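Here are a few exercises to work through with the structure open in your viewer. Try each task before you read its solution.

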Amino acid sequence: MVNIFSIPRINRRAWHVWRRNLTVFVKTWKVNFFPPFVEAFLYLLAIGVGIGTYVKEIDGVPYVNFIAPAILGIAVMNSAFFECTYGSYVRMYYQKSFDAIIATPLSIEDVIAGELLWGATKSVMYVVIMLGVLTLFGVMAFPTSLFVIPLAFIGGLLFAALAMCFTAITPSIDALNYPSFLFITPMSLFSGTFFPLTILPPIFSYVALALLPLTHIVAVFRMLTLPAFSWTMVFNLTWIVAVTLLLCVIAINLMRRRLIV
Amino acid sequence: MDSNNYSNKRGTYIPPVILAEGLKKSYGNIAAVDNINFAVQKGEIFGFLGPNGAGKTTTMKMIQCISPRSAGGLRVFDLDPDEYPDIIKHRIGVVPQETNLDPDFTCEGNLLMYARYFDIPKDIAKDRVKELLTFVSLSEKHDVSIEKLSGGMKRRLILARALINKPELLILDEPTIGLDPQARHLIWERLKLLQSQGNTIVLTTHYLDEAARLCDRLVIMDNGKILEEGTPSSLVSKHAGGEIVEVEKNNDVLECIRGMNVPFEETGDTVLISASDAHEIARQLLEKCRPKKMLTRPATLEDVFLKLTGRRLRD
Ligand SMILES: Nc1ncnc2c1ncn2[C@@H]1O[C@H](COP(=O)(O)OP(=O)(O)O)[C@@H](O)[C@H]1O
Ligand SMILES: [Mg+2]
């Protein structure tokens, strides 16, 4: 039995799996690029302009500018998480794609690594589109906001790995609704996204900083897009990188445990 | 024949393509494969015959390096699957029991994608895909999506996919399951052609005629164990005799046969007697008990199979 913390050996062939998913994505690019485009508009109009009419400023920052980085953070989370839960589950269970691929020189570790890289890539693509829309609204400061793009990759990898852990242990595709509704949806509300955590009792901030990855991602994005830097960024980034590495290792080992019997 | 110790003319040892010694696979308490020994030599078609749940697929998966063995020895190309899975997988082609073509791609797309997994350069892959689609008679379907293919076309495409890396060893797990006679014959023909080009082929099946027609040697498996090994004809003559007499069953006939002191087997409404001189037995039966229906026929692999694995229904 593999230890879930043992370091997997990954070959560069993992990129073939990434290429496979990219090829499918590009074939249907119209349906794929439209949602993030619309989503950025909707969030900004409904929450930014709508609520912003009443809530003019938070900590001296216009409300629209305050939530803009949160919109990006949530996009990072959702695109990678849903890709590596429902998307990966369909490829694994219904399409039997993983079985087909591991009959070639690729190992299951390579396949999962490729899926995680793909999840992260999807986050980057969504963030780039949304960044474009938000820039048109004049709520992104440049050039610092450009750093959001590489960070979207790391954040995407984090959520892809988190998702893959659930995919590895889920008994069915329906059971994936639990982490989606009980973990991801609350996280998009309670991670300092639409209001600062400081207005809640301190325990909320501690829990969010300890357990909710989105808190760290939104905090860093906000520092970059406003911009408003603070030394706490070092802490946020360290947390993100450490948890990403840990989750990637666990996700690959759990998947191996599920599929190699 | 001692198949484990082939030598060439100069007497140097040539290892078999696959060598299993005391090979075992357990899932919890179930021994799916229970201590089996076999050797597959270069250039032969080697069959695994057995009812559902015999352990055929499990054995194929261990050879393919996608399921680690629980105990015993296994070498493919004289390499250990646990240590060199990618080298072994580079040299084999697999037709899995379950059709797992990629529904997001066309026929051609499936093969091109597979070529990429084997690191085959694109221009070489394109030529090979064209050749292979012709080989399995699917050229006109090259840009058709997988959902629009019939079951037989899918199996043929999977065979083409298994050949994309020019494998030295081809592993086929029930290659013709659920196919019409035309498609089965096409696949058989192609496999014979591949063998004539020097490929080694391992296949599992529970179609007895398929095994008899294709295999140079085969093993009969049941409950994770190998019951018998040999050429199809040697197995038939060893276990089923030369011919079979089938007689309609009734009490008179049974009594009469018991009196004749020949081994027989009852199945449903028929009694089977295997004998080297079926006509003599038939003549005696006709004289003594006047059965309503009777026929004599040559023994087949099916008789051997049913004799060794029993007639109990499997899931
Ligand atoms: N992943 C698995 N987990 C538990 N039992 C399994 C698994 N795969 C196969 N088995 C069991 O192992 C036995 C052999 O199965 P299999 O190799 O698929 O047989 P065959 O291919 O000859 O029909 C069966 O009893 C089957 O239920
Ligand atoms: Mg099987």
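**Exercise 1. The magnesium site**

Task: In this predicted model, find which protein atoms are donors of the magnesium ion (ligand 2), then work out where they sit in the chain and how exposed they are.

Solution: 
- Start at the ion: its protein donors are OG1 of B:Thr57 and OE1 of B:Gln97, lying 2.0 to 2.1 Å away.
- Now place the two residues. B:Thr57 belongs to helix H1 (residues 56–63) of chain B, while B:Gln97 lies in the loop between strand S5 (92–95) and helix H3 (107–117), so the pair ties together parts that are 40 residues apart in sequence.
- B:Thr57 comes out at 23%, so it counts as partly exposed. B:Gln97 has 34%, so it lands in the partly exposed class.

**Exercise 2. The chain around the site**

Task: Describe the make-up of chain B, from its helices and strands to its domains.

Solution: 
- Count the elements: chain B has eleven helices and 13 strands.
- Take the box along the principal axes: the C-alpha atoms fill roughly 75 × 45 × 45 Å.
- Finish with burial: 51% of the 315 residues of chain B count as buried.

**Exercise 3. The largest pocket**

Task: What is the volume of the largest pocket, and which residues lie closest to its centre?

Solution: 
- The volume is about 960 Å³.
- The lining has 35 residues, and those closest to the centre are A:Ser107, A:Glu109, A:Arg256, B:Asp82 and B:Pro85.
- Look at which helices contribute: helix H5 (108–136) and helix H10 (232–259) of chain A, plus helix H2 (85–91) of chain B, each supply at least two lining residues.
- Sort the lining by class, and you get 18 nonpolar, twelve charged and five polar residues.

**Exercise 4. Aromatic pairs**

Task: How many aromatic pairs are there over all chains, and is the pair of A:Phe25 and A:Trp118 stacked or edge-to-face?

Solution: 
- Searching the whole structure gives 18 aromatic pairs.
- For A:Phe25 and A:Trp118, the ring centres are 5.4 Å apart and the planes meet at 70 degrees; planes over 60 degrees apart count as edge-to-face, so that is the label here.
- Now try B:Tyr114 and B:Tyr117, another edge-to-face pair, at 5.9 Å centre to centre with 75 degrees between the planes. These two are three residues apart in helix H3 of chain B, so about one helical turn separates them. B:Tyr114 and B:Tyr117 are buried as well.
- Last, look for a cluster: ring pairs link A:Phe81, A:Phe82, A:Tyr86, A:Phe166 and A:Phe183.

**Exercise 5. A loop proline**

Task: Where is A:Pro143 found, and is it buried or exposed?

Solution: 
- A:Pro143 sits in the loop between H5 and helix H6 (148–169) of chain A.
- Its relative accessibility is 56%, so A:Pro143 counts as exposed.
- For a distance check, go to A:Leu214: A:Pro143 is 71 residues away from it in sequence and 23 Å away in space, C-alpha to C-alpha.

Technical notes. Residues numbered from 1 in each chain as written. Chains lettered and ligands numbered in written order. Predicted model: local features only at pLDDT ≥ 70, side-chain atom pairs only at ≥ 80, totals over all residues. Heavy atoms only, no water. Donors = N, O, S within 2.8 Å, 3.2 Å for Na, K, Ca; no water. Helix = DSSP H or I, 4+ residues; strand = E, 2+ residues; numbered from the N terminus. Buried < 20%, exposed > 50% of the residue type's maximum accessible area, 1.4 Å probe, protein only. Domains from an automatic or database assignment. 1 Å grid on protein atoms, 1.4 Å probe; cavity = no way out; pocket = protein on both sides within 12 Å on 5 of 7 lines; lining within 4 Å. Points joined across faces, edges and corners; volume = space filled by probe spheres on them. Nonpolar A, V, L, I, M, F, W, Y, C, P; charged D, E, K, R; others polar. Phe/Tyr/Trp six-rings, centres within 6.5 Å; stacked < 30°, edge-to-face > 60°.
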